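Biologist: Could you walk me through this model, starting with the terms you will be using?
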Amino acid sequence: MSGEQKSSSTDLWSSSFEAEDMRERVFGLRTALLRSSPVMGVFDRIKRNERILATAQAGFGLGWMLFFLFAPLLYIVTLSFWQRGAGGVIIQEFTLSNYEFILTQNVELASLTFKNLYLTILFQSVKYGVFVTIGTLLLGYVPAYFLGRTVSKWKAAFLLLVVLPFWVPLIIRYYAWILVLGNKGLLVSMLGWFGIEIGGFLYTEMAVISGLTQALLPFMILPIYNSVNEIDSSLIESAKTMGATPLRTFYEVTLPLTMPGISAGVILVFILSVGSYMAPALLGAPSNTMVANLIESTFGQNLNWPLASAMGVVYLLVLFTIISVFNRFVGLDDVFGGDAE
């Protein structure tokens with residue numbers, strides 16, 4: 001071994017020794033810190049008081065959620081009162097021009113012609129949300145009721161079928177709908193067997209609503225199933241013993257007891273469907289654009305972040321208003337157990 005090689009080997013061994021020594025010092029310092037009286041005292045107090053431990057655990061999770069919910073939301077609200085400059089530069093000067101633009105653009109009040117692009121798309125999004133919510137309720141109630149009342153040994157397998165769509169990425173499911181609803185798709189072929197010639201259903205309002213209904217159906221089934229599963233069977237049997245017909249028993253006993261599940265499913269499906277982005281982008285035509293698509297194009301393509309933020313704020317206010325009206329008639333405290341002791 002040459003002298004240069006010996007010197008290099010010695011330097012490498014020396015560096016390794018110093019690194020190992022540094023790690024031992026850091027480990028010792030950390031151990032000493034964790035075993036210090038103040039730190040051990042805090043841990044002992046937490047162990048002795050379960051309430052503090054539970055509060056600390058819940059507080060961390062809630063704090064994490066609230067921070068990442070309200071911090072971006074606060075920035076979005078602030079951004080909506082600024083304006084876009086040349087090249088997408090944001091000018092930090094207070095203005096209401098974004099709200100004025102999206103709320104009064106092309107409105108013709110005298111002739112009663114409603115041509116406001118943003119509000120038209122927002123209304124269309126709410127309309128799709130209502131249709132999807134009604135569709136999932138009609139399609140989901142009976143399976144949910146069956147799952148909640150059955151004592152079959154296959155119950156777990158049936159529930160697995162309900163959640164099975166969650167295993168498939170949403171984009172794959174929507175692309176599958178393209179194959180089903182296309183001009184030469186499965187649905188057109190099946191109608192052709194019965195002599196019905198039609199050009200396909202893709203890029204239509206029906207395609208968007210059908211895709212959303214399929215994607216969001218589990219969000220309606222599972223809350224209703226949970227409500228049906230908690231019904232005391234003796235109540236239904238008592239109604240039947242007192243002479244109530246099956247239809248009357250369902251209307252006066254079963255349906256009221258499943259209202260919390262129905263309300264929870266309605267809220268979940270409506271919020272998710274109104275804010276949908278992928279379904280109208282893949283299954284719909286430009287005329288089927290929803291509010292999420294409009295906001296995304298304003299953000300990403302037009303680089304007008306203040307205007308897109310104002311659109312988002314108006315969308316949230318409309319959604320909050322609708323949910324508040326729904327809460328006035330249904331009572332979300334009862335739905336989510338807010339009055340439970």
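Modeller: Let me begin with contact, which here means heavy atoms within 4.5 Å. Helices (H or I, at least four residues) and strands (E, at least two) are DSSP runs, numbered from the N terminus.

Biologist: Fine, and what sort of model is it?
Modeller: This is a predicted model, in which local features need pLDDT of at least 70 and side-chain atom pairs count only at pLDDT 80 or more, while totals for chains, interfaces and linings use all residues. Residues are numbered from 1 along each chain as its sequence is written, and side-chain values use heavy atoms, with hydrogens and water left out.

Biologist: How many helices and strands does the protein chain have?
Modeller: The protein chain has 16 helices and 4 strands.

Biologist: And what share of the residues is buried?
Modeller: Of the 341 residues in the protein chain, 31% are buried, where buried means under 20% relative accessible area, exposed means over 50%, and partly exposed is in between (1.4 Å probe, protein chains only). The protein chain exposes about 22,100 Å², and carbon and sulfur atoms supply 68% of that area; accessible areas come from the Shrake-Rupley method with a 1.4 Å probe, and for residues only the protein chains shown count as cover.

Biologist: What about contacts between residues 24 or more positions apart?
Modeller: Among contacts in the protein chain with a separation of 6 or more, 65% are accounted for by residues 24 or more positions apart.

Biologist: Let's turn to helix packing; at what angle do α11 and α12 pack?
Modeller: Helix α11 (residues 246–257) packs with helix α12 (residues 259–274) at an angle of about 50°, and their axes are 4 Å apart. Axes are lines fitted to C-alpha atoms, for helices over the stretch in contact, and angles run from 0 to 180 degrees between N-to-C directions. The two helices, α11 and α12, are therefore oblique to each other, given that angles under 35 degrees count as roughly parallel, over 145 as roughly antiparallel, 65 to 115 as roughly perpendicular and the rest as oblique.

Biologist: Which residues meet there?
Modeller: From α11, L255, P256 and L257 meet M259, P260 and I262 of α12. The residues of this contact of α11 with α12 divide into 6 nonpolar, no polar and no charged; Ala, Val, Leu, Ile, Met, Phe, Trp, Tyr, Cys and Pro count as nonpolar, Asp, Glu, Lys and Arg as charged, and the others, Gly among them, as polar.

Biologist: And how do α5 and α9 cross?
Modeller: The axes of helix α5 (residues 117–149) and α9 come within 6 Å and cross at roughly 40°, which makes α5 oblique to α9. By class, the contact of α5 with α9 involves 20 nonpolar, 7 polar and 3 charged residues.

Biologist: Last one, which loop holds Y203, and what is its phi?
Modeller: Y203 lies in the loop between α8 (186–193) and α9 (205–229), and has a positive phi of about 60° although it is not a glycine. With 46% relative accessibility, Y203 counts as partly exposed.
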